[in-house]
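Please look over the model shown here before reading the points below.

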Amino acid sequence: MTSYQWFVFFLIVQVIHFLGTWKLYEAAGRKRWQAAIPVYNAIVLMKIIGRPSWWTLLLFIPIINLIMFPVIWVETLRSFGKRSSLDTFLGIATFGLYILFVNYTKKLNYVTNRNLNPENKTSDTISSLLFAIIVATFVHTYFLQPYTIPTSSLEKSLLVGDFLFVSKYNYGARVPMTTVALPMVHDSIPILHTKSYLNFPQLPYFRLPALQTIKRTDIVVFNWPADTVHYFGDTKTIGLRKPIDKKSNYVKRCVGIAGDTLSIKDGIVYINGSVLVLPERAKPQFSYTVTTDGSSFDPIYLLKELNITDGVYQTAQNSFYFNALTEKSAGRLKNNPIVKSIVRNIAKEVEPGVFPQNNKWNRDNYGPIYIPQKGKSVALNTENLPFYKKIIGEYEANDLKIIGREIRINGQVAKEYTFKQNYYWMMGDNRHNSEDSRYWGFVPENHIVGKPVFIWMSWDTNGKGLGKIRWERLFTTVSGDGQPQSYFKLFLLGLAAFFGGEYLWKRRKEKKA
């Protein structure tokens, strides 16, 4: 929905609210017109039902308002003596329209000084649960989101099985665009494997103020631009477009920001003509072919010795293919006396699958390519249109048509195009085992989710017992200078101090009593 459509929808809701509640306002000692003034009517309603005025803010926060509206409907009914289970059911099942029925057909007796405490244990449990869901949803949406590393594309920096907290506020929290969705789940309902959201209505993209901008080499969580639904439950829905904020979450390293010109030469990333300098914690990896002298060779042992988590395959007699080695690991392997040669595998042939499918480049030799910047313009022609076609037609929602060699945008012949948002180039450190921007192109600014800041747990499925926990990675930061340092011991000390202090405080209170 556009901003204009949302404005019209908001006015319709206000009209329905006025028609359905003005007699309730009068019965509560208020003026009829107070039910007609947007926002103010909600503040007055909170006073009528005996709830704090700041609850009004919760009605305008996407997803949280889905929880709050049923609460307000039920509270309104109870404020006028409609307390039965049937009243509660009808208030929720009719999406609040039962209040309109009560407004015109029932005798309205306003309950002053209504008891707001839960009537029984069940009501108390439901109230506590709703409060917990609201708080958790607010934190999850606007501050911190838990995330699990599913693939090895950032191996060494982030491991498969790392459990992260992703900060939403570093790059500015994105207000949910999908307005009707279950809280704290992504695109599907666990166990049921069905959609957790409705495609309509959608809010326009809006992001709260940021603490920082995305910088080169930052690790970033984003919605995968190329994501479409293949299966929801048992229904085959190949090619179904997801809303932006319901596309799968990916995590990669940003190697190019808006305005950069990027190229890759023999696997090395160049930005604006200079080699991209990676932070110390980044460990770029490539595949290697190792040839031995025919002596007994145990590649599995070497994998453990070199702390390599990816595989190794024998490709021919005395020849082995290593999936992912850092330069340091390759150097150690080269020093093995039975190794005759170790060669980094660099793609030389054209790969048709790399973006923008121009049959010129491959994963190791790529570009140059310009990363679009908001407000900047590029000349358009049929040769460079494949780079920007998806941006113009999908990401920035224009009507794009190509008639012969003529490019038309929104019905007008276009010789150039001005970008409406910034774009980024994301790649995995595991260069030969990462599906990234080399294959599906630019990441739009409105797809950015947040910045991984903290590893609170790391789980190795290949370990045994307590060995499954990577203790050295617990409570480590994702970014920063130098090698990661675990703050787990400090956490345990802080936890012990908290509970010890609480115990002493209670003992002291008991003695005074």
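The numbered points begin with the basis of the model and then take up helix contacts and salt bridges.

1. This is a predicted model, in which local features need pLDDT of at least 70 and side-chain atom pairs count only at pLDDT 80 or more, while totals for chains, interfaces and linings use all residues. Residues are numbered from 1 along each chain as its sequence is written, and side-chain values use heavy atoms, with hydrogens and water left out.

2. Helix H4 (residues 64-79) packs against helix H6 (residues 97-105) at an angle of about 20°, their axes being 10 Å apart; helices here are DSSP runs of H or I with at least four residues, and strands are E runs of at least two. Axes are lines fitted to C-alpha atoms over the stretch in contact, with angles from 0 to 180 degrees between N-to-C directions. H4 and H6 are therefore roughly parallel to each other, a term for angles under 35 degrees, with over 145 called roughly antiparallel, 65 to 115 roughly perpendicular and the rest oblique.

3. In the contact between these two helices (heavy atoms within 4.5 Å), Trp73, Thr76 and Leu77 of H4 meet Tyr98, Ile99 and Val102 of H6. The residues of this contact divide into 5 nonpolar, 1 polar and no charged, where Ala, Val, Leu, Ile, Met, Phe, Trp, Tyr, Cys and Pro count as nonpolar, Asp, Glu, Lys and Arg as charged, and the others, Gly among them, as polar.

4. The axes of H4 and helix H5 (residues 85-93) come within 9 Å and cross at roughly 140°, which makes H4 oblique to H5. Pro70, Trp73, Val74, Leu77 and Arg78 in H4 meet Asp87, Thr88, Gly91 and Ile92 in H5, and by class this contact has 5 nonpolar, 2 polar and 2 charged residues.

5. How many salt bridges does the structure hold? There are 19, each defined by a side-chain nitrogen of Lys or Arg within 4 Å of a carboxyl oxygen of Asp or Glu. In one of them, Lys242 pairs with Asp187, the closest N and O atoms being 2.6 Å apart. Lys242 lies in the loop between strand E5 (235-241) and strand E6 (249-256) and Asp187 in the loop between strand E2 (162-167) and strand E3 (219-223), so the pair ties together parts that are 55 residues apart in sequence.

6. Lys242 also forms a salt bridge with Asp227, with the closest N and O atoms 2.8 Å apart. Lys242 and Asp227 are both buried, meaning under 20% relative accessible area, with exposed being over 50% and partly exposed in between (1.4 Å probe, protein chains only).
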